[in-house]
Amino acid sequence: MSNLYSTQVKAIGGRSGNIRSEDGILELKLALPKELGGKGDATNPEQLFAAGYAACFGNAVIHVTRSNKEYKIRDNDVEVLSTVGMVANGNGGFALTVHLDVTLSGISQAEAEKIVEQTHQVCPYSNAIR
């Protein structure tokens, strides 16, 4: 497979440090969430993962619906709420939990479920965590 896109982000200082993309467009302070004993005064990796997955999945929905002319969905008809949590994995480490709540306006529940199922096959995040 040829690489369609690649980027790099450097993290310095772990969860209480900062991140910066190679092009400088993304530059953020990180903080441990209050729920994990931190100050919670900046974003955290789970929020960034949730944001990336929600945006990517939403765009994948748009791709799927544009590829199938039977669906009449506009970009603003697609809403994705991504919930990312952290749990102990039982081996002394941690794992992420992910739940997507997808709302597609103007179509039936059955059509929406079919689109979401198709989207999980093309979304890079879905494919990465499968």
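**Aromatic pairs**

I started with the rings in this predicted model, and my count came to four aromatic pairs. I took F49 and Y53 to begin with: their ring centres are 6.0 Å apart and their planes stand at 75°, so I logged the pair as edge-to-face. Both residues sit in helix α1, four residues apart, which is about one turn of the helix. F49 is partly exposed, at 23% relative accessibility, whereas Y53 is buried at 3%.

I went on along the helix to Y53 and F57. Here the centres are 6.3 Å apart with the planes at 75°, so this pair is edge-to-face too. Y53 and F57 are again four residues apart in helix α1, about one turn. F57 has a relative accessible area of 0%, so I put it down as buried. What do F49, Y53, F57 and Y125 form? I found that they make up one aromatic cluster.

**Salt bridges**

Next I searched the whole structure for salt bridges and got five. I looked at E46 with R15, whose side chains meet at 2.3 Å, N to O. E46 belongs to helix α1 and R15 to the loop between β1 (9-12) and β2 (18-21), so this bridge ties together parts 31 residues apart in sequence. Is E46 buried or exposed? I noted E46 as buried, because its relative accessible area is 12%, under the 20% cut-off. R15 counts as partly exposed at 26%.

I also looked up E27 and R20, which form a salt bridge at 3.6 Å, N to O. E27 is exposed, with a relative accessible area of 53%, and R20 is partly exposed at 40%.

Then I turned to R66 and D75, where the side chains meet in a salt bridge of 2.7 Å, N to O. R66 is exposed at 51% relative accessibility; the cut-off is over 50%, so R66 makes it into that class. D75 has 38% and goes down as partly exposed.

**T65**

Last, I checked T65, which has its place in helix α1 (residues 45-67). T65 comes out at 4% relative accessibility, so I have it as buried. Which residues does T65 touch, leaving aside those up to four places away in sequence? My list for T65 reads Y71, I73 and I115.

Note on methods. Residues are numbered from 1 along each chain as its sequence is written. This is a predicted model: local features need pLDDT of at least 70, side-chain atom pairs count only at pLDDT 80 or more; totals for chains, interfaces and linings use all residues. Side-chain values use heavy atoms; hydrogens and water are left out. Helices (H or I, at least four residues) and strands (E, at least two) are DSSP runs, numbered from the N terminus. Buried means under 20% relative accessible area, exposed over 50%, partly exposed in between (1.4 Å probe, protein chains only). Contact means heavy atoms within 4.5 Å. A salt bridge is a side-chain nitrogen of Lys or Arg within 4 Å of a carboxyl oxygen of Asp or Glu. Rings of Phe, Tyr and Trp (its six-membered ring) pair if their centres lie within 6.5 Å; planes under 30 degrees apart count as stacked, over 60 as edge-to-face and the rest as tilted.
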